[in-house]
Amino acid sequence: QVQLVESGGGLVQAGGSLRLSCAASGRTFSRYVMGWFRQAPGKEREFVAAITWTGGSTYYADSVKGRFTIRRDNAKNTVYLQMNSLKPEDTAVYYCAGNLRRVDGPYDNWGQGTQVTVSS
């Protein structure tokens, strides 16, 4: 098990940027595939981005491709989500998650979430 704590959320105007961070406990972080997910009010949680163990491969939802970038620093036990050109529809609670198996999950370690609000 790895414990995950997100930070970096906040209120930003449309077109702005935010960088989310997810700090992981433990010494096995590099063994985890990491992902970012989000859940908007009244909607189901959706996949945003994922990154493999060494960061060699990344995956994005079509809705964020070209605007968001996921990366990880295994020396710091941290995964990041750089979000540029934000849109009001990006407003959601963002969660980081990890699993030991596959990019497509299932993800069994979750953070508590951080709120991102994009004003128009």
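Biologist: How many bridges join strand 9 to strand 11?
Modeller: Three, and the two strands run antiparallel. Keep in mind that this is a predicted model. One spot to look at is Ala-92, which stands opposite Val-116 in strand 11.

Biologist: Which way does strand 9 pair with strand 4, and over how many bridges?
Modeller: Antiparallel, over seven bridges. Take Gln-39: its bridge partner in strand 9 is Val-93.

Biologist: And what about strand 9 with strand 10?
Modeller: Antiparallel too, over two bridges. Ala-97 stands opposite Trp-110 there.

Biologist: How many residues of strand 9 are buried?
Modeller: Eight of the eight, so strand 9 is largely enclosed by the rest of the structure.

Biologist: OK, the core. How many residues are in the largest nonpolar one?
Modeller: There are 29 residues in it, and Trp-36, Leu-81, Met-83 and Tyr-94 have the most contacts inside. The elements giving two or more residues to this core include strand 3 (18–24), strand 4 (33–39), strand 8 (78–83) and strand 9 (92–99).

Biologist: Which strand gives the largest share?
Modeller: Strand 3, with four residues.

Biologist: What does the second, separate core include?
Modeller: That one has five residues, among them Val-33, Phe-37, Ala-50 and Ala-97.

Biologist: Back to strand 3. How many of its residues are buried?
Modeller: Five of the seven, so strand 3 is largely enclosed by the rest of the structure.

Biologist: And which order do the strands take in the open sheet?
Modeller: Four strands in the order 1-3-8-7, with antiparallel pairing. Strand 1 and strand 7 stand at the edges with a single partner strand each, so one side of each has no neighbour in the sheet. On average, neighbouring strands here are turned by 15 degrees against each other, direction ignored.

Biologist: How many bridges does strand 3 have with strand 1?
Modeller: Four, antiparallel, with strand 1 covering residues 4–7. Leu-4 has Ala-24 in strand 3 as its bridge partner.

Biologist: And how many with strand 8?
Modeller: Six, again in the antiparallel sense. Ser-21 stands opposite Tyr-80 in strand 8, and Cys-22 has Val-79 as its bridge partner.

Biologist: Switching to rings. How many aromatic pairs are there?
Modeller: The structure holds four. In one, the ring centres of Phe-37 and Tyr-107 are 5.0 Å apart and the planes are at 75 degrees, so the pair is edge-to-face. This pair links distant parts of the chain, 70 residues apart: Phe-37 is in strand 4, while Tyr-107 is in the loop between strand 9 and strand 10 (109–110).

Biologist: Is Phe-37 buried or exposed?
Modeller: Buried, at a relative accessible area of 9%. Tyr-107 is buried as well, at 11%.

Biologist: Which residues do ring pairs link into a cluster?
Modeller: Phe-37, Phe-47, Tyr-107 and Trp-110.

Biologist: And which ring does the charged end of Arg-45 sit over?
Modeller: The ring of Trp-110, 3.8 Å from its centre. Elsewhere, the charged end of Arg-72 sits over the ring of Phe-29, 4.5 Å from the centre.

Biologist: What is phi of Asn-77?
Modeller: Near 55 degrees, a positive value in a residue other than glycine. Asn-77 lies in the loop between strand 7 and strand 8. With a relative accessible area of 17%, Asn-77 is buried, since the cut-off is under 20%.

Biologist: And where is Ser-85 found?
Modeller: In the loop between strand 8 and strand 9. Ser-85 has a positive phi too, about 50 degrees, although it is not a glycine. Its relative accessibility is 39%, so Ser-85 counts as partly exposed.

How values were computed. Residues numbered from 1 in each chain as written. Predicted model: local features only at pLDDT ≥ 70, side-chain atom pairs only at ≥ 80, totals over all residues. Heavy atoms only, no water. Core = buried A, V, L, I, M, F, W, Y, C linked by side-chain atoms within 4.5 Å. Buried < 20%, exposed > 50% of the residue type's maximum accessible area, 1.4 Å probe, protein only. Pairing = 2+ DSSP bridges. Phe/Tyr/Trp six-rings, centres within 6.5 Å; stacked < 30°, edge-to-face > 60°. Lys NZ or Arg CZ within 6 Å of the ring centre and 35° of its normal. Axes fitted to C-alpha atoms, helices over the stretch in contact; angles between N-to-C directions.
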